[in-house]
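Please walk me through this structure as I would meet it in a viewer, telling me what to select at each stop and what is to be found there.

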Amino acid sequence: MKKTLNEIAALLNGCVSGDGEVVIERILGIDEAGPGDLTFVANPKYQKRMETTGAAAIMVAPGTACAGKTLLIVADPYVSLSRLLALFYPEDEETAGISKDAIVEAGADVSPEAVVYPGVHVCRGARVGKQAVLYPGVFIGRDAAVGEASILHPGVTVYRRCLIGRRVVLHAGVVVGSDGFGFALPGRENRKVPQVGYVQIDDDVEIGANTTIDRGTLGRTWIQRGVKIDNLVQIAHNVVIGEYSIIVAQVGISGSAQLGKGVVIGGQAGVVGHIRIGDGVMAAARAGVHKDVAPGRIIAGSPHMSHLEWLKMEACLPKLPEMRGALAALQGRIAALEGEKKKERL
Amino acid sequence: MKKTLNEIAALLNGCVSGDGEVVIERILGIDEAGPGDLTFVANPKYQKRMETTGAAAIMVAPGTACAGKTLLIVADPYVSLSRLLALFYPEDEETAGISKDAIVEAGADVSPEAVVYPGVHVCRGARVGKQAVLYPGVFIGRDAAVGEASILHPGVTVYRRCLIGRRVVLHAGVVVGSDGFGFALPGRENRKVPQVGYVQIDDDVEIGANTTIDRGTLGRTWIQRGVKIDNLVQIAHNVVIGEYSIIVAQVGISGSAQLGKGVVIGGQAGVVGHIRIGDGVMAAARAGVHKDVAPGRIIAGSPHMSHLEWLKMEACLPKLPEMRGALAALQGRIAALEGEKKKERL
Amino acid sequence: MKKTLNEIAALLNGCVSGDGEVVIERILGIDEAGPGDLTFVANPKYQKRMETTGAAAIMVAPGTACAGKTLLIVADPYVSLSRLLALFYPEDEETAGISKDAIVEAGADVSPEAVVYPGVHVCRGARVGKQAVLYPGVFIGRDAAVGEASILHPGVTVYRRCLIGRRVVLHAGVVVGSDGFGFALPGRENRKVPQVGYVQIDDDVEIGANTTIDRGTLGRTWIQRGVKIDNLVQIAHNVVIGEYSIIVAQVGISGSAQLGKGVVIGGQAGVVGHIRIGDGVMAAARAGVHKDVAPGRIIAGSPHMSHLEWLKMEACLPKLPEMRGALAALQGRIAALEGEKKKERL
């Protein structure tokens, strides 16, 4: 792929500062880019490296300047990067067809326009839509469904009766529909509560490698349209995650928690069970969300508080030993004052 | 399945308040249930929804009332739910037999009464008991054993010489017997210490999706009878987990830690290596357990303290900035008092 | 394997205190060892058990004494253990060859001296070196490479174009090269940023079960020579981990973070994106590393501080409620002093 910077600018509704006729062949990171390469700055932390990059041009947000460098100015460099990468690095085409080395049980309904690799197993009653891609080692349980154009990477397991929408991407090792963790008389008899529900994943969801999503105890665990979940996340039974929410790596969400639309949960955070998190809430990495959160709040800490409160609190933490010392000193000084006062009275 | 509420009450040793002749066809959650459905309240948080549920009847604990609703009163609704779900939603029968598309190496001993799906691999010297179910992608290493009626979901790996008992359930992606993390001269040479031990999992254990259990360096890592482990848990080499303990999702337990019987460890908690946790200890979610814990204690926080201490401490945390301000103010006021005193003395 | 203690001592450059002619047949843990067994003490915590062990001899560091016991004194017992276990418990030999039940696509280049089990899938353009071992369920994507003598345990997925060096060990369920978590307009449109980079894993790396390593957005995610990563670790896109670093279980490292050589990150710690951690840094378990760290520092806490500061801070935490009470008492006492002063003035 070769395009002049002017052509790229036209495509992205951007404008060029410098030589618009330079030919771009690749998109690369700011440290790796050389002649013929376009790079970008989306995180202000990298602005200082603009001076030293060997790139032919740099894609930046409005208001970013760098003497002597050719700039492509766009409204949102990260959004533009998304479009450019899809253009410069198109995905491989897969050839439709069901491998003779795949196992499709009698009573399964797999579209002949799907791509089914060797080593896939589709159980009876399951449906797989056209253009879906099932890589080796994918398991589709009984009466489960995978919608059109969804991609299931190697080793994905979808348990019985779970429903995967259209254009869903499940990365390697994802488990959908394992039993929720329900045991009566915990610590004594650990009597299993059968998990008879299912998981519903709506269209355009993407889920990261080795993430696990438990089926509902009764009814469904529900991942709504456009949600993006990172690697090694745990989603427990009967959780609902609202449209376009973002769940970063290693988060754990406990049973029956309900997240609204556009919620963002930072890495390694935890959410306790049976609570509601309102639309648009942002929880910082490692937050411990222990009770309901009103829409739009920005929270941090464990147990969570407002992000602002948390910043103040965190700033004090390393001062604790000093505060403790100061307190003891004050106690001494007050005792001295009180002693003098007592003597005066005598 | 159809049963009258009176029939169900007889089965559960419960009693009915309201119309015992109503016919129950399904068990559903309190928000989803309608006519013909039985629902339940096990968590007091949901009691207020009793008024709005469309369920034909509600299973509750003694002392719960709701005007105008038919109630089924049982000693422990969650235990009763466990029994009812097994009755209303029996598990699918699997047809015994070893698929011709499974690989059973010469010298392996797989019961003809086991269920072995296509894509299973059983190495030489391994044994698989009757009624065991091995789903596609299961790997059983050399000289390993899987007991009667155990269920290994898709993609489970059991490394060489590990022992799985009877009626054990391993969810998709579980790894049993990977090498423990032992390297001499860490950060310099990282010289591997060969991990020559094994994992022993006793009867009636259930382990959640993508959980990992390392083999002993020497000797065994031991998960005792009736233990239940959730998803994405890490169990290091030579750990011992006592009978009927409960380990919630994303917990990490470091090498050679020993947990007693009936221990409950909350989600995302961590346990350091080489410590002993006594019988019946309960550690809150996210606890960091850093030293031995006496039997029966309830702990929280990281590093852990008693749950009560932790509650008090946590309540103070958001007050820290205010405390710091108050301390500074006091210092000023005392200095003022001291100043006056000094002037008096002159 | 049978050797006298004197023969073992000669091998390890150690010396014997006691009967050097005792014959050693096995290496076992201090509680399990009996006659004919050698055990060891590497962690001082176990020294007291030297008195009660039934072992024929105990391998210890210089300066360790135990009346009446035969000791093998070596410079570093854990390093010596590493050598002895490799000697006493040699690994099984695997027979070279590509199983007829493996799928090797046309255009893949797999050494006939590799060991390729049934159920392996190697895509076109991929290369697999001699003596490499690919267990069942391993997937090697297009144009990916696996170097000589590397071992990929069951269910490992290597996405397209990722590069695995020589003598690398990937435990069961490891995912190399899943898409990085890059979405523009997060929480609103979640527009995917195509992840067109790759993962490079250098020689002599070992990675624990179910760990996930995302490909670079552009360019590479890079795990350098000799690095050891434990189970269930998350490594995000474009991370660099320097030679011989150690990453303990359940750690999460965010995008574009760069770790120097010989860095040690304790279990369940988190590292934020776009920061640099200098050579030889040690971060305690559960540390939250939020900004650059100078070489050689020892850090702890979340957000991180020096380990020493953290120890002091942590010691104060349980005292917080007491401090708060003391502060309130002081406020009362000062108000009383100020009141008297005011009266005097009248």
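The tour below goes from the whole assembly to its interfaces, then to single chains, and ends at one residue.

Before selecting anything, keep in mind that this is a predicted model, scored at ipTM 0.96 and pTM 0.97. If you colour chain A by confidence, the average pLDDT is 95, and 100% of the residues score at least 70.

**The relation between chains**

Select chain B and chain C together and superpose one on the other: a rotation of 120° with 0.0 Å of shift along its axis brings chain B onto chain C, with an RMSD of 0.1 Å. This is the relation of a three-fold axis.

**The interfaces**

Next, show chain A with chain B, where 53 residues of chain A are in contact with 61 residues of chain B. On the chain A side, the elements that give two or more residues are strand 21 (175–178), strand 22 (183–184), strand 23 (191–192), helix 3 (307–316) and helix 4 (320–345) of chain A. Coloured by class, the residues on the chain A side divide into 24 nonpolar, 19 polar and 10 charged.

Then move to chain B with chain C, where 52 residues of chain B are in contact with 62 residues of chain C. Two or more residues on the chain B side come from each of strand 21 (175–178), strand 22 (183–184), strand 23 (191–192), helix 3 (307–316) and helix 4 (320–345) of chain B. Helix 4 of chain B gives the most to this side, with eight residues, and by class the side holds 24 nonpolar, 19 polar and nine charged residues.

**Domains and a sheet in chain A**

Hide the other chains and colour chain A by its division into domain 1 (3–88) and domain 2 (97–308); the C-alpha centres of these two domains of chain A lie 36 Å apart.

Now select the open sheet of 10 strands in chain A, whose order is 9-12-15-18-21-26-29-32-35-38, with parallel pairing. Strand 9 (103–104) and strand 38 (288–289) of chain A stand at the edges with a single partner strand each, so one side of each is left without a neighbour in the sheet. For a view inside the sheet, pick strand 15 (residues 139–140) and strand 18 (residues 157–158) of chain A, which pair in the parallel sense over two bridges; here A:Ile140 has A:Val158 in strand 18 as its bridge partner.

**A covered strand in chain B**

Turn to strand 5 (residues 37–40) of chain B, both faces of which are covered: B:Asp37 and B:Thr39 on one side, and B:Leu38 and B:Phe40 on the other, are all buried. Strand 4 (residues 26–27) of chain B runs parallel to strand 5 and is joined to it by two bridges, with B:Leu38 as the bridge partner of B:Ile27. Strand 5 of chain B also pairs in the parallel sense with strand 6 (residues 57–60) of chain B, over three bridges, and there B:Leu38 stands opposite B:Ala57.

**A lysine in chain C**

Finally, centre on C:Lys261, in the loop between strand 33 (258–259) and strand 34 (264–265) of chain C. Is this residue, C:Lys261, buried or exposed? C:Lys261 is buried, because 20 other C-beta atoms lie within 10 Å. Leaving aside residues up to four places away in sequence, C:Lys261 touches C:Gly242, C:Glu243, C:Tyr244, C:Ser245 and C:Asp279. To end, draw a distance from C:Lys261 to C:Asn43: the two are 218 residues apart in sequence and 25 Å apart in space, C-alpha to C-alpha.

Technical notes:
Residues numbered from 1 in each chain as written. Chains lettered and ligands numbered in written order. Predicted model: local features only at pLDDT ≥ 70, side-chain atom pairs only at ≥ 80, totals over all residues. Contact = placed C-beta atoms within 7 Å. Helix = DSSP H or I, 4+ residues; strand = E, 2+ residues; numbered from the N terminus. Nonpolar A, V, L, I, M, F, W, Y, C, P; charged D, E, K, R; others polar. Pairing = 2+ DSSP bridges. Buried ≥ 20, exposed ≤ 12 C-beta atoms within 10 Å, placed from the backbone. Domains from an automatic or database assignment. Least-squares fit on C-alpha atoms with pLDDT ≥ 70 in both. pLDDT = per-residue confidence, 0-100.
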